[in-house]
Amino acid sequence: MAIIQLSETLINQIAAGEVIERPASAAKELIENALDAGATRIEIATAGGGKALLRVSDNGSGMDAAHLELAVRRHCTSKISETLEDIRTLGFRGEALPSIGSVARLSIASRRRDSAGGHEIAVAGGKIAHMRPAAANPGTIVEVRDLFFATPARLKFLKTEKAEAGAITEIVKRMAIAFPAVRFVLSGSDRTTLEFPATGDDHLARMAQVLGKEFRDNAIALDAVREEISLTGFAGVPTFNRGNSAHQYAFVNGRPVQDKLILSAIRGAYAETIPSGRHPVAVLSITLDPALVDVNVHPAKSDVRFRDPGLVRGLIVGAIREALARDGSRAATTGASDMLRSFRPGFQPNSQRPQTAWSAEMSPSRPYQPTTGFGERPQASFDGLSMPTARAEPQFSPQPAAPEPNARYPLGAARAQIHANYIVAQTEDGLVIVDQHAAHERLVFEAMRKALHSKRLASQVLLIPEIIDIPEEDCDRLMQHAAELSELGLAIERFGPGAIAVRETPAMLGEVDAHGLIRQLADEIAEWDTASGLSAKLEYVAATMACHGSVRSGRRLRPEEMNALLREMEVTPGSGQCNHGRPTYIELKLSDIERLFGRS
């Protein structure tokens, strides 16, 4: 079989198969070109999910006639010269425009700021039309119509117009987060207009535009450096989570990426703090020497390769965990919002519905509103009741310590325990509702995790060993890791082919359901056991043990015990959520409560 030279059009169509997978791929390439041209305003218009029309307009530097003609030819670029080790732009291959032109109807109108007029060039199915003068504002307008008309087989693999339009929206969001100083407008007949005004250097403001204003109140700033690699951005508190990972954004030297290493590091950083099936919200920006990262490993440039991936992963995990330990103990503000929504008035018969909009200020039956709010003076009538105080008793000591003078406690003073499970505490400006089991579970886990790095956990010897019957293969798995479990204070021995004898349990857990604990550990080890053993999973085992040894739901607590729990939560990292990621408390501000009663 003879070897032939492929035509330029066919070469471009082959390249387009890798670079331009769908309308969103074309949008990404065109937006990157606009950003590389220094644009501060980018407008994107679509029709038919980007298949019928995709137009990207910018106010960048523009091109003259000579450069415009080169732009539609393959491997013509102004962004690199001789090496791939110092790439500082989003685009660099010179493949996007000729690839798009080979499978669609492409037209480009551009004008330089110092030029009296602009020029336009068109490419349809790989055929380049003659250049012609055109009236144009400074900048560039790229219009793509009938995408994949030259390769109709490709159209069969596209999704619905709504899905393709949504993919373009996601591309614009990622670009908007990466470049807050640029104004983005996304419009078209297939969507409602989406606009992101420029926020200058205020990255958090841009993130709030894209991720919602709640992100601003639930984000923790990140700023870490390790061996000339810097990490900045924001990580959401664990209780502010989502049902998928679409709200995780990563950027390497300003380039939006969807790199598996980075996403895996985010998951690892939030281990034991996010419920199963939920995902954290995070925006990470990694900055490093371009020579230490290879961006030329994927046609769409969405993946990168780091020269030292372990260093990058360690930086991400360490920075997020340090931030969570520093400021991640607070509960998400969305908890109060969800509670307020649950208190909304239900259905009213038509005869009882007000004919005009109700106003608390104008209501003739508005009750007297004291100015002291939740102050102690209006509660004088409750003095006859035995109310707990905000004393600080370490480790649930039955001997209460004297309160510190002028002490301030963020979680307030315990006022009641309801349904033998929830502690209601009064703060200076509202109230807090605490799930006693979830909160104590977190405290026990943090104590166990801290002890893991110093010495073997103290254990208590059982007077009569607990004998647990389990399948023989589970016995084998547990005994393979008996030494590691012993470090956690859990001493086990083989007791026949299908039984385990528990002789010691961790002292800090108190009374433990040994049967339930052993069976759960056996199931978990069977699921993720590896040749490296249990050493890498000791914290996960500690979380399981903490759950079995915490204050159970249904146990009535004394006032001093409730307050001791609150004081411990205030000084324990990550106490805003339990080991499974559920919130341990919900805070209601006085303003929220007054809003429920129409007082604000």
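**View 1. Ile4 in the segment before helix H1.** Ile4 lies in the segment that precedes helix H1 (8-19) of this predicted model. With a relative accessible area of 66%, Ile4 is exposed, because the cut-off for that class is over 50%. Ile4 also belongs to a nonpolar surface patch, together with Leu6 and Leu10. The accessible area of Ile4, Leu6 and Leu10 together is about 280 Å².

**View 2. Glu143 in strand S7.** Strand S7 spans residues 139-145 and contains Glu143. The relative accessibility of Glu143 is 19%, so Glu143 counts as buried under the 20% limit. The side chain of Glu143 makes a polar contact of 2.9 Å with the side chain of Arg145. Beyond the neighbours within four places in sequence, Glu143 is in contact with Leu53, Leu54 and Arg55, and also with Arg105, Leu106 and Ser107.

**View 3. The buried face of helix H9.** Helix H9 covers residues 260-269, and its buried residues are Ile262, Ala265, Ile266, Gly268 and Ala269. Down the helix axis these buried residues fall within an arc of 165 degrees, so they line one face of H9. Among the elements that cover the buried residues of H9 are strands S13 (248-252), S14 (255-257), S15 (279-280), S16 (282-287) and S18 (305-306). Helix H10 (309-327) is also part of this cover.

**View 4. The N-terminal end of helix H9.** Asp259 caps this end of H9. A side-chain oxygen of Asp259 lies 3.1 Å from the backbone nitrogen of Leu261.

Technical notes: Residues are numbered from 1 along each chain as its sequence is written. This is a predicted model: local features need pLDDT of at least 70, side-chain atom pairs count only at pLDDT 80 or more; totals for chains, interfaces and linings use all residues. Side-chain values use heavy atoms; hydrogens and water are left out. Buried means under 20% relative accessible area, exposed over 50%, partly exposed in between (1.4 Å probe, protein chains only). Helices (H or I, at least four residues) and strands (E, at least two) are DSSP runs, numbered from the N terminus. The arc is that of the directions from the helix axis to the C-beta atoms. Contact means heavy atoms within 4.5 Å. A polar contact is a pair of N or O atoms within 3.5 Å; within protein, one must be able to donate a hydrogen and the other to accept it, and residues adjacent in sequence count only if both atoms are side-chain atoms. Patches are made of residues with over 30% relative accessible area and no salt bridge: like charges are joined within 9 Å, nonpolar side chains (Val, Leu, Ile, Met, Phe, Trp, Tyr) within 5 Å. Accessible areas come from the Shrake-Rupley method with a 1.4 Å probe; for residues, only the protein chains shown count as cover. A salt bridge is a side-chain nitrogen of Lys or Arg within 4 Å of a carboxyl oxygen of Asp or Glu.
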